[in-house]
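Biologist: I am new to this one. Could you show it to me, and may I then ask what stands behind the words you use?

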Amino acid sequence: MADRRVVIVTGGAKGIGYACVRKFYDDGDNVVIADTDTEAGFDAASKLDASGERVLFVKADVSDKLSVHNLIAETLSKFSRIDVLVNNAGIIIKGGILDLSPKDFDKVLSVNLRGAFLTSQAVVKHMVGVLDDSDDRSGSNRNPFSIINMSSVNAVVAIPDILAYEVSKGGMNQLTKGMALQLAPYGIRVNGVGPGSIKTDMLAGVAENQDALDMIHSRTPLGRIANPDEVASVVAFLASDDASYITGETIYVDGGRLALNYVMAKKE
């Protein structure tokens, strides 16, 4: 269908990214999976759409400007439009202020924050160009264009040994606000989603470690780890017409964690 939206999801081959890809696909959109993992990317694309008609995988390193340029070019070549961008690509390298190397700090910031900046800038220039060409900045400030940045509860609360990650996510929140303000006159909305504890590779092994599981439950009022689909549903909502008056916000999908000022007592 010519009127299908086109959604780019960076880091879309696995975890929350793939859950977002699947959600948008199931909702009828065309989806571009951008990831550095070629095998996982092609597997994810073929699993959803073996014909390749509605799902495209592009190997992309979001921290590299040329790679981002190629991602945009391949997307437009295949689908001729971009309506939604989900900046989900991210990495964690453990280390705090006493032991984190400058190289590792730069690497995390380069992927998590610079990557979101580069990809957003490229996509936004396309979106604004489309609006300018049509002489439509949307007088009602409503159009299909939307950007969702993947933040984290660690943008707000801190853990000593993931310093670079939490700095990158704090920056992501400010990137979201700054972009939202500049793009509001165009009707392009920019929002963030901040997951708490989610069943992804980043939490691999927790299910087999009862002490770790108890610790996560103690700081999560809803008392469980969420599925990636629960995050994807919020991302899809923010990209939808139902969220047409929401911009510059970050919604935390955290089971109540940020509302908690103490740990929850374990139920006997």
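Biologist: Why is Asn-149 called buried?

Modeller: A residue counts as buried under 20% relative accessible area, as exposed over 50% and as partly exposed in between, with a 1.4 Å probe and protein chains only. Asn-149 has a relative accessible area of 0%, so it is buried. This is a predicted model, where local features need pLDDT of at least 70 and side-chain atom pairs count only at pLDDT 80 or more, while totals for chains, interfaces and linings use all residues. Residues are numbered from 1 along each chain as its sequence is written, and side-chain values use heavy atoms, with hydrogens and water left out.

Biologist: Which residues does Asn-149 touch?

Modeller: Contact means heavy atoms within 4.5 Å. Leaving aside residues up to four places away in sequence, Asn-149 touches Asn-87, Ser-120, Met-172, Thr-176, Met-179, Val-190, Asn-191, Gly-192 and Val-193.

Biologist: What makes the pair Asn-149 and Thr-176 a polar contact?

Modeller: The term asks for a pair of N or O atoms within 3.5 Å; within protein, one must be able to donate a hydrogen and the other to accept it, and residues adjacent in sequence count only if both atoms are side-chain atoms. The side chains of Asn-149 and Thr-176 make such a contact at 2.9 Å.

Biologist: Where does Asn-149 lie?

Modeller: Asn-149 is in strand 5. Strands (E, at least two residues) and helices (H or I, at least four) are DSSP runs, numbered from the N terminus.

Biologist: How do you know that strand 4 and strand 5 pair?

Modeller: Two strands pair if DSSP finds at least two bridges between them. Strand 4 and strand 5 have four, in the parallel sense; Val-84 has Ser-146 of strand 5 as its bridge partner. Strand 1 (residues 6-10) also runs parallel to strand 4, with three bridges.

Biologist: What covers the length of helix 5 (residues 163-183), and what is expected?

Modeller: The expected span is 1.5 Å times one less than the number of residues. Helix 5 has 21 residues and reaches 30 Å from its first C-alpha to its last, close to the 30 Å expected. Among its buried residues are Met-172, Thr-176 and Met-179.

Biologist: How many helices and strands are in the chain, and why is the chain called compact?

Modeller: There are seven helices and seven strands. The radius of gyration is 18 Å, close to the 18 Å of the globule rule for 268 residues, so the chain is as compact as a globular protein of that length. That radius is taken over C-alpha atoms, and the rule is 2.2 Å times the number of residues to the power 0.38.
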